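Keep the viewer open as you read.

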Amino acid sequence: MRLTFENITSTNKYSGLLDDAFRYIEDFQLLSPTLWRRFVQQFREDADFEGGWRGEYWGKMMRGACFVYSYTQNPQLFEILKQTVSDMMDSADEQGRISSYAVSHEFDAWDIWGRKYVLLGMQYFMEICPDEAFNNKIVNSMCRQMDYIISKIGEGEGKKPITSATRHWRGLNSCSLLEPVVRLYALTEKPEYLEFAEYIISLGGTDVANMFDLAYADEFYPYQYPVTKAYEMTSCFEGLLEYYFIKGGERYKQTLINFANKVLESDFTVIGCAGCTHELFDHSTVRQANTTNGDTMQETCVTVTLMKFFYRMNLLTGDSRYADAFEISLYNAYLGAINTEKVIEPMIAREHPDWAIEPLPFDSYSPLTAGTRGNGVGGLKVMSDKHYYGCCACIGAAGIGMVPKMHLVKKESGLAMNLFISGTVETISSSGQRVVFETETEYPKAGVVKVKIHLAEAEAFDFSLRRPYWSKETKVSVNGQMQDVTHLENGYIAMNRTWVDGDEILLELDMRAEAIRPIPYGTQILMNEVVWGHNYVIPTFDKEDPIAKNHLAIRRGPIMLAQENRLGYSVDEPVAPLVGEDGYVDVVITDGSTAPYPHIIEAKIPTAEGGYFTVTDYASAGKLWTEESKMAVWMLTK
């Protein structure tokens with residue numbers, strides 16, 4: 001078993017858009033000791049007495065916080081995280097269990113799901129913590145937690161099958177425990193943890209079908225599985241991915257590749273998310289331009305989970321398509337979900353005036369056809385002190401936190417750059433010397449990327465640049481000498497040479513704006529009607545919206561362009577974009593003075609009538625969460 005790419009230790013310093021996102025999330029959310037104490041409190045009381053999921057909040061946010069700390073290196077954040085990990089360990093009962101469910105009703109609903117996130121939060125903290133003694137305490141706590149779970153869950157007399165340790169999704173949420181089980185085995189090498197992981201794998205995620213076998217057979221798409229919950233299903237495959245990284249197995253590798261490719265083919269929208277029926281895989285690749293999909297769709301939890309999964313798949317395969325997908329998610333669905341205006345979700349103030357009303361750092365759902373943001377808080381739960389939170393608000397930090405991990409990765413003979421970000425990345429070469437990649441670019445607004453290499457001694461190694469799939473005409477030069485870009489390695493332009501200090505690479509990407517049209521599909525059968533209160537979904541008949549074919553989306557580089565009501569017209573009125581015979585639109589980049597809100601890019605789209613209408617990047621639009629900022633990425637056309 002060999003990975004094509006590997007994660008590296010690097011120091012990343014960015015300027016502009018992405019650095020701003022890091023700082024905003026850190027300041028708005030992660031540096032609040034009160035918030036961390038509130039999440040730990042859920043484990044000191046029977047917080048999820050009604051079968052809730054408050055137990056997921058702490059670990060979800062901890063994972064993202066650790067990723068963010070790896071970038072910011074903020075000592076204040078580290079101390080806050082170390083304190084909350086200590087508090088969480090102190091919340092354990094005499095048996096070592098850490099759960100937001102009392103013993104009287106444990107191992108039901110979302111109990112194992114919450115325990116999973118406690119374990120993951122502790123495991124990711126260990127990656128940033130240099131205190132060996134403290135890390136040993138964490139491992140001891142995690143072993144006690146896991147030993148308790150194994151004593152109650154599994155095969156054997158008196159034990160409950162893990163697929164029965166919930167009332168939801170046929171066991172899918174509980175089986176996602178696989179990921180921290182495998183990671184804990186890697187830390188301890190205790191055989192009982194490996195055996196427990198293999199027990200979970202043998203079930204395939206549910207009590208009704210083995211999803212891993214379905215993916216390996218490669219006959220069905222995930223939206224056709226008998227259980228279609230996108231976030232939880234992907235989490236189970238993340239666990240299988242961790243198992244493969246440790247134990248290998250070509251069958252498992254092929255299973256993962258099949259699943260990832262099927263998702264990209266059938267359930268990946270133009271903004272880089274999945275699911276047009278709330279949080280379910282539902283063939284959203286073809287359904288995304290339907291106006292009948294509803295408001296709760298394209299969940300932020302799904303976006304971030306896909307980003308993490310595609311990052312790991314890029315390491316596994318060295319295939320640039322997963323980095324392409326990560327980037328689309330980042331610059332569209334993910335950045336669009338950050339609540340930069342600190343808006344309060346309208347329903348909260350209207351329906352719960354007695355709660356402690358405050359904005360959350362992330363929105364939960366993203367519109368595709370004409371609609372607004374702020375259509376509910378995903379995973380909403382109120383806590384005993386009247387404060388509330390949601391799942392997407394907790395997972396959000398992990399999205400930006402994975403950017404440095406994806407940015408530069410190690411290959412067998414050198415390094416590969418996946419993302420093009422203004423700033424520096426410093427790492428250590430295979431010979432042990434310090435190498436700095438200094439990038440100057442306005443990307444994703446512009447397609448020119450200059451990368452200067454700094455190193456003390458000349459050194460020979462491969463350096464590869466991802467060629468985005470949308471860049472049909474790409475140029476690369478080194479110190480003014482043009483490079484061959486016709487022979488790609490899994491989507492990468494590979495340059496093998498002896499590099500010296502000051503070498504400069506110039507990457508020029510094709511930033512023409514491309515028109516995208518909906519895929520006709522007629523009718524189909526979906527597994528997207530949830531029978532709440534029971535443990536299953538049922539087949540439903542789905543018919544293409546007849547209005548869908550009248551929509552058009554426009555992508556420029558990795559960015560989707562979007563309409564917005566504040567740009568001088570109503571997004572409900574049809575437009576007539578002028579599309580050339582080659583499928584491209586001659587957009588005109590403007591000075592940005594029309595949009596009354598911060599944005600990455602502003603452009604004018606020519607129309608068949610000889611006029612123009614203004615658009616901005618999708619991620620910046622709709623931030624008021626009201627009709628005033630109604631938006632659309634799938635534009636209604638005449």
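## Before you start

This is a predicted model, where local features need pLDDT of at least 70, side-chain atom pairs count only at pLDDT 80 or more, and totals for chains, interfaces and linings use all residues. Residues are numbered from 1 along each chain as its sequence is written, and side-chain values use heavy atoms, leaving out hydrogens and water.

## The α5 and α6 pair

Let's begin with helix α5 (residues 111–126) and helix α6 (residues 132–152), whose axes come within 10 Å and cross at roughly 160 degrees. That makes α5 roughly antiparallel to α6. (Angles under 35 degrees count as roughly parallel, over 145 as roughly antiparallel, 65 to 115 as roughly perpendicular and the rest as oblique. Axes are lines fitted to C-alpha atoms, for helices over the stretch in contact, and angles run from 0 to 180 degrees between N-to-C directions. Helices, H or I with at least four residues, and strands, E with at least two, are DSSP runs numbered from the N terminus.)

Among the α5 residues that meet α6 are Val118, Leu119, Met122 and Phe125; the α6 side includes Phe134, Ile138, Met142 and Ile149. Contact here means heavy atoms within 4.5 Å. The residues of this contact split into 12 nonpolar, four polar and one charged. (Ala, Val, Leu, Ile, Met, Phe, Trp, Tyr, Cys and Pro count as nonpolar, Asp, Glu, Lys and Arg as charged, and the others, Gly among them, as polar.)

How many of the 16 residues of α5 are buried? The count is 16 of the 16, so α5 is largely enclosed by the rest of the structure. Buried means under 20% relative accessible area, exposed over 50%, and partly exposed in between, with a 1.4 Å probe and protein chains only.

## Other helices

Helix α2 (residues 33–41) and helix α3 (residues 57–72) have axes that come within 8 Å and cross at roughly 140 degrees. That makes α2 oblique to α3. Leu35, Trp36, Phe39 and Val40 in α2 meet Tyr57, Trp58, Met61, Met62 and Ala65 in α3. By class, this contact has nine nonpolar residues, with no polar and no charged ones.

Buried residues of helix α4 (residues 75–90) include Leu77, Phe78, Asp87 and Met89. The buried residues of α4 pack against α1 (17–30), α2, α3, α5 and α6. Helix α8 (residues 178–188) is mostly covered, with eight of its 11 residues buried; Glu179 and Arg183 are among them.

Most residues other than glycine have a negative phi, and most peptide bonds are trans. Ala109, in the loop between α4 and α5, has a positive phi near 50 degrees, and this residue is buried at a relative accessible area of 0%. Gln298 also shows a positive phi near 50 degrees; you'll find Gln298 in the loop between α13 (284–287) and α14 (300–317), buried at 1% relative accessibility. Glu189, which follows α8, has a positive phi near 60 degrees.

Which residues does a cis peptide bond join? Look at Tyr443 and Pro444, where omega is about 10 degrees. Pro444 lies in the loop between β8 (434–441) and β9 (448–455).

## One exposed loop

Is Gly610 buried or exposed? Gly610 is exposed, with a relative accessible area of 62%, and lies in the loop between β22 (602–606) and β23 (612–617).

Notes: Expected span 1.5 Å × (residues − 1).
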